[in-house]
Amino acid sequence: MKIILSIFDFISPRFCVSCNATLITHKYFICNECYSKISILQDHEIKSEFNRKFKKDNLVDDYSSLFLFEEKGPLQDLIHNLKYKQKFKIGILLGEKLGEGKKNIITNWNVDFIIPIPLFHLKKIERGYNQAMYIAKGLSKASQINVKTNIVKRVKNTLSQTKLSNDERKGNMLRAFRVKNSKSIKGKNIIVIDDVITTGTTVLELAKILKENGANKIFCLSIATPPFLHSIGSSNTKN
Ligand SMILES: [Zn+2]
């Protein structure tokens, strides 16, 4: 019965996932009022996030993100439903929004393909799916860029990143990924994508191994970025 209801919800969401209001249109999982409370990130905020997370390591060539991730806000409810309640369609819709919102940037990046940041296999079994894959699918639909899921594997489960210091996070992530198919990444420009990117440590580790295996440029996209002051220690999102 649960499965049948999930399939039904996939096709036809009935209530706002944030405030529970009945939805008039069935395409989105959130009502207009809740949607209007989600803040879009400004260019200067994205730039400062890039500088803070990625610039010094010189592994990630550019970064963009669509929304500000606010705790207890409607976007957190959307992402929670995507990650833990099998609302896969939310991932596809958010991925499409990201692709439409960042169309020019993505065109300039001249990308060959998209890699959703992989989950460790036991975690995938536990959850049943990788939410980043659905976001990647939506982005692919909007951008006409292919998604590849057979390139890299997550070989190490990582402790909850949020309880660790910055140095501990880096140690924790070390060699978390293994490239399965290095031939297909030589000289390529690749987008790596996830739902929320907090510290960027996971992305750096993935970018590092992709570049060690010959990738040309690595770009990173996320649906949301938490505000800097809240991003360490208090967020319950991973990485
Ligand atoms: Zn609502």
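What follows is a short talk about the metal site, the aromatic pairs, the cores and one glutamate.

Mentor: Keep in mind that this is a predicted model.

Trainee: OK. Which residues coordinate the zinc ion?
Mentor: Cys16, Cys19, Cys31 and Cys34, each through SG, at 2.2 to 2.4 Å. Along the chain these donors follow the spacing C-x2-C-x11-C-x2-C.

Trainee: And what geometry does the site of the zinc ion have?
Mentor: The site is tetrahedral, with angles of 103 to 118° among the four donor atoms.

Trainee: Are Cys31 and Cys34 buried or exposed?
Mentor: Both Cys31 and Cys34 are buried.

Trainee: New topic. How many aromatic pairs are there in the whole structure?
Mentor: A search finds seven. One of them is Tyr35 with Phe67, an edge-to-face pair with 6.4 Å centre to centre and 90° between the planes. Tyr35 lies in helix H2 and Phe67 in strand S1, so this pair ties together parts that are 32 residues apart in sequence.

Trainee: Phe67 first: buried or exposed?
Mentor: Phe67 counts as buried, because its relative accessibility is 2% and the cut-off for buried is under 20%. Tyr35, at 34%, counts as partly exposed.

Trainee: What about Trp109 and Phe219, why is that pair called stacked?
Mentor: The ring centres of Trp109 and Phe219 are 4.6 Å apart and the planes are at 5°, so the pair counts as stacked. Trp109 is in helix H6 and Phe219 in strand S7, 110 residues apart. Trp109 is buried at 7% relative accessibility, and Phe219 is buried at 5%.

Trainee: Now the core. How many residues are in the largest nonpolar one?
Mentor: It has 34 residues, and those with the most contacts inside it include Phe67, Leu75 and Ile223. Among the elements that give two or more residues to this core are strand S1, helix H4 and strand S7. Apart from it lies another core of 29 residues, Phe54 and Ile218 among them.

Trainee: What does Leu75 touch, not counting residues up to four places away?
Mentor: Ile38, Phe67, Leu68, Phe69, Ile223 and Ala224.

Trainee: Last one. Where does Glu49 lie?
Mentor: Glu49 is in helix H3, residues 43-53. With a relative accessible area of 7%, Glu49 is buried.

Trainee: What is the side chain of Glu49 joined to by a polar contact?
Mentor: To the side chain of Lys53, at 2.2 Å. Leaving aside neighbours within four places in sequence, Glu49 is also in contact with Phe54, Tyr63, Thr225 and Phe228. Phe54 and Tyr63 belong to a cluster with Phe50, linked by ring pairs.

Conventions:
Residues numbered from 1 in each chain as written. Predicted model: local features only at pLDDT ≥ 70, side-chain atom pairs only at ≥ 80, totals over all residues. Heavy atoms only, no water. Helix = DSSP H or I, 4+ residues; strand = E, 2+ residues; numbered from the N terminus. Buried < 20%, exposed > 50% of the residue type's maximum accessible area, 1.4 Å probe, protein only. Polar contact = N/O pair within 3.5 Å; in protein donor to acceptor, adjacent residues only side chain to side chain. Contact = heavy atoms within 4.5 Å. Core = buried A, V, L, I, M, F, W, Y, C linked by side-chain atoms within 4.5 Å. Donors = N, O, S within 2.8 Å, 3.2 Å for Na, K, Ca; no water. Tetrahedral: all angles 85-135°; square planar, octahedral: opposite > 155°, others 65-115°. Phe/Tyr/Trp six-rings, centres within 6.5 Å; stacked < 30°, edge-to-face > 60°.
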